[in-house]
Amino acid sequence: MGELEILLVTSRTRRRWIIPKGWPIKGLRPDESAAREAFEEAGVRGPVRSRPIGRFLYSKLMDDEGKAILCEVEVFPLSVNRQYKEWPEMRQREVRWVAAGTAAAETDEDGLRPLLQAFAEKMMVKKKWQSQKVHNANQIGTQHPSENLPFASREGRDS
């Protein structure tokens with residue numbers, strides 16, 4: 001198993017590195033809306049956890065004149081198990097996988113940085129604990145499944 005990675009996408013207008021996000025979608029729970037946005041903006045699918053890992057605020061520019069509104073974003077864990085070659089916004093955004101430990105430094109969202117840092121730290125501790133648990137489990141012949149990973153994340157492949 002390789003290093004945990006976080007998926008970043010560029011915003012459409014200012015080309016800043018962010019996570020997939022969007023407006024709530026009528027008829028969908030917030031976690032379902034997040035999963036749909038991940039597909040539309042980055043072409044990824046996978047199981048999404050129903051509880052967010054946190055929230056952050058940012059100013060969203062609404063027009064060319066610089067009018068902005070304050071938005072609160074909930075960040076939901078999603079373990080990517082499929083990345084499509086084509087998706088709705090593929091010509092409008094760039095997509096980049098980055099190591100979980102450096103994702104906070106790569107994003108242009110100030111409010112998102114602490115969430116990504118805390119998540120990376122939590123997952124590193126969890127991975128060490130699970131590694132030890134699996135080692136012990138193999139000694140007694142049982143296995144313990146891991147929890148979902150964070151929004152738009154995956155385990156990288158060892159080279």
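Mentor: Welcome! This is a predicted model, where local features need pLDDT of at least 70 and side-chain atom pairs count only at pLDDT 80 or more, while totals for chains, interfaces and linings use all residues. Residues are numbered from 1 along each chain as its sequence is written, and side-chain values use heavy atoms, with hydrogens and water left out.

Trainee: How do you know how many helices and strands the protein chain has?

Mentor: We take DSSP runs, numbered from the N terminus: helices are H or I with at least four residues, strands are E with at least two. That gives three helices and eight strands, in the order β-β-α-β-β-β-β-β-α-α-β.

Trainee: What makes strand S4 and S5 a pair?

Mentor: Two strands pair if DSSP finds at least two bridges between them. Strand S4 (residues 54–61) and S5 are joined by eight bridges and run antiparallel. In this pairing, Gly54 stands opposite Val75 in S5. S4 and S5 form a hairpin with six residues between them, and Gly66 in the turn has a positive phi of about 90 degrees.

Trainee: Why is Ile69 called partly exposed?

Mentor: Buried means under 20% relative accessible area, exposed means over 50%, and partly exposed lies in between (1.4 Å probe, protein chains only). Ile69 has 32% relative accessibility, so Ile69 counts as partly exposed. You will find Ile69 in strand S5 (residues 68–75).

Trainee: Which aromatic pairs does a search of the whole structure find, and what are the cut-offs?

Mentor: Rings of Phe, Tyr and Trp (its six-membered ring) pair if their centres lie within 6.5 Å; planes under 30 degrees apart are stacked, over 60 edge-to-face, and the rest tilted. The search finds two pairs. Phe39 and Tyr84 are 5.3 Å apart, centre to centre, with 80 degrees between the planes, an edge-to-face pair. Phe39 is in helix H1 (residues 30–42) and Tyr84 in the loop between strand S6 (82–83) and strand S7 (95–99), 45 residues apart. The ring centres of Phe56 and Tyr58 are 6.2 Å apart and their planes lie at 40 degrees, so this pair is tilted.

Trainee: Is Phe39 buried or exposed?

Mentor: Its relative accessible area is 15%, so Phe39 is buried. Tyr84, at 23%, is partly exposed.

Trainee: What makes Arg45 a charge over the face of Phe39?

Mentor: The CZ of Arg, or NZ of Lys, must be within 6 Å of the ring centre and within 35 degrees of the ring normal. Arg45 lies over the face of Phe39, 3.8 Å from the ring centre. Likewise, the charged end of Arg96 sits over the ring of Trp17, 4.0 Å from its centre.
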